[in-house]
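Here are my notes for when you have the model open. Please follow along on the screen as you read.

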Amino acid sequence: MPAPTHVTSRRGLLLGTAAVSAGALLTGCTSNDTKDEKPASNDRPAADDKPGKHVTIGFAGPQADHGWLNAINDNAKNRAKKYADVTLEITEGSNDTAAQIGQIETLINKKVDVLVVLPADGKALTQVGLKAMRAGIPVVNLDRIFNSPQAYRCWIGGDNYGMGLSAGHYIGEQLKDKQGARVIELAGLDNLELTKQRTQGFDAALKNYPNIKKVARQAAEFTVESGQAKMSQLLQAQPKFDALWNHDDDQGVGALRAIDQAGRSDFLMVGGAGALSAFQAIEAGNSVLKATVLYPPTMAASAIDLARALGQGKGVGGLAEFEIPASLTLYSAVVDKDNVGQYMSTGFK
């Protein structure tokens, strides 16, 4: 997972797999083929790929200083190109809240039809979200959530607690028949709420496996360098363990270096986020890294789909409601050797 990128996750409608974008849902109305019964679906059209009303979408995100954030930008741009009826007005990313507020205000003044915003700081940008909504511009809040639900029409993002659950259950299933199994954790920045949520989910999942004990936890900083340094410390302190969960695939690059340098191969490792390097290592099968749990940057493509549906006044195919949901929480799928080929194209660099 991407570093100081995501703060709090809001649980809403769970999508069945992280690779499924809202576009997969925005394909057609629900229907009932029973001839003698009134259709259960409404008559309002759901968004699909066919050209419709033109929509100008303003997109504002933080500076792409992490592979995941760069993938967010790429997913948004590529998704918008898919639609002949969408114009994407994208700002230059900034981690400075004042600068990002100014960029969003410029988009408001341009009277874009819909805004998609991944705020550098959800709390600090809540007021500009409110300003857009009050100006009649619906906001799709991407991942880092605003402080007030009035600041957005729809929130879509990842599930940090769910990442921990998925990692814990995967490891638990691998070790369920091993008595006295020992697990360690390489976390991210401890001053971030997202890191706490991931650890809470991990611990909750492990409680289902009484034979497993978490014996160590070390916090890194979502960087290759910190991953290598902190993993070296863990290896020195823990000469024997059976599994490692690393919160972030970028810092996992450093962790794998430390593991290789120590000549260790006596445990399995699970990563986090969905980096291309992790997918490639899983596919190659020549390291301790056997799986990773997703925090999918495809959410940005889904945000464009939702913004387009909002701008066209359409709902979501497969759901009975006239409107798009207020909240979409992406599922943190486990990617291992059995399904890595399916996810390879979504991996970020």
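**Notes on the strands, helices and salt bridges**

1. Leu 142 stands opposite Ile 156 in S6. Strand S5 (residues 139-142) and strand S6 (residues 154-157) pair in the parallel sense over three bridges. Two strands count as paired if DSSP finds at least two bridges between them; strands (E, at least two residues) and helices (H or I, at least four) are DSSP runs, numbered from the N terminus.

2. Before going further, a word on the source: this is a predicted model, in which local features need pLDDT of at least 70 and side-chain atom pairs count only at pLDDT 80 or more, while totals for chains, interfaces and linings use all residues. Residues are numbered from 1 along each chain as its sequence is written, and side-chain values use heavy atoms, with hydrogens and water left out.

3. S5 also pairs with S4, again in the parallel sense and over three bridges, and Val 117 has Asn 141 as its bridge partner in S5. Between S4 and S5 the chain passes through H4, and this β-α-β crossover is right-handed; that is, with the strands pointing away from the viewer, the path from the first strand over the helix to the second runs clockwise.

4. Buried means under 20% relative accessible area, exposed over 50%, and partly exposed in between (1.4 Å probe, protein chains only).

5. Asn 141 deserves a look of its own. Its relative accessibility is 0%, so Asn 141 counts as buried. The Asn 141 side chain reaches the backbone oxygen of Arg 144 at 2.9 Å. Apart from neighbours within four places in sequence, the contacts of Asn 141 (heavy atoms within 4.5 Å) include Phe 146, Tyr 152 and Trp 155.

6. Helix H4 (residues 126-134) has Thr 126, Val 128, Gly 129, Leu 130 and Ala 132 as its buried residues. Among the elements covering them are helix H3 (97-109), strand S4 (114-117) and S5. After H4 comes Gly 136, with a positive phi near 85°.

7. Now to the other sheet in these notes: six strands form an open, mixed sheet in the order S8-S7-S9-S10-S11-S13. Strands S8 (212-219) and S13 (334-336) stand at the edges with a single partner strand each, so one side of each has no neighbour in the sheet. On average, neighbouring strands here are turned by 20° against each other, direction ignored.

8. Helix H7 (residues 224-237) packs on this sheet, touching S7, S8 and S9, and its direction makes about 155° with that of S7. Helix H9 (residues 276-284) lies across S11 and S13, at about 140° to S11. Axes are lines fitted to C-alpha atoms, for helices over the stretch in contact, and angles run from 0 to 180 degrees between N-to-C directions.

9. How many salt bridges does the structure hold? There are 11, each a side-chain nitrogen of Lys or Arg within 4 Å of a carboxyl oxygen of Asp or Glu. In one of them, Glu 105 meets Lys 131, with the closest N and O atoms 3.4 Å apart; this pair links helix H3 to helix H4, 26 residues apart.

10. Arg 217 forms a salt bridge with Glu 185 at 3.6 Å between the closest N and O atoms, joining strands S8 and S7 across 32 residues. Arg 217 is partly exposed at 31% relative accessibility, whereas Glu 185 is buried at 0%.

Key: Polar contact = N/O pair within 3.5 Å; in protein donor to acceptor, adjacent residues only side chain to side chain.
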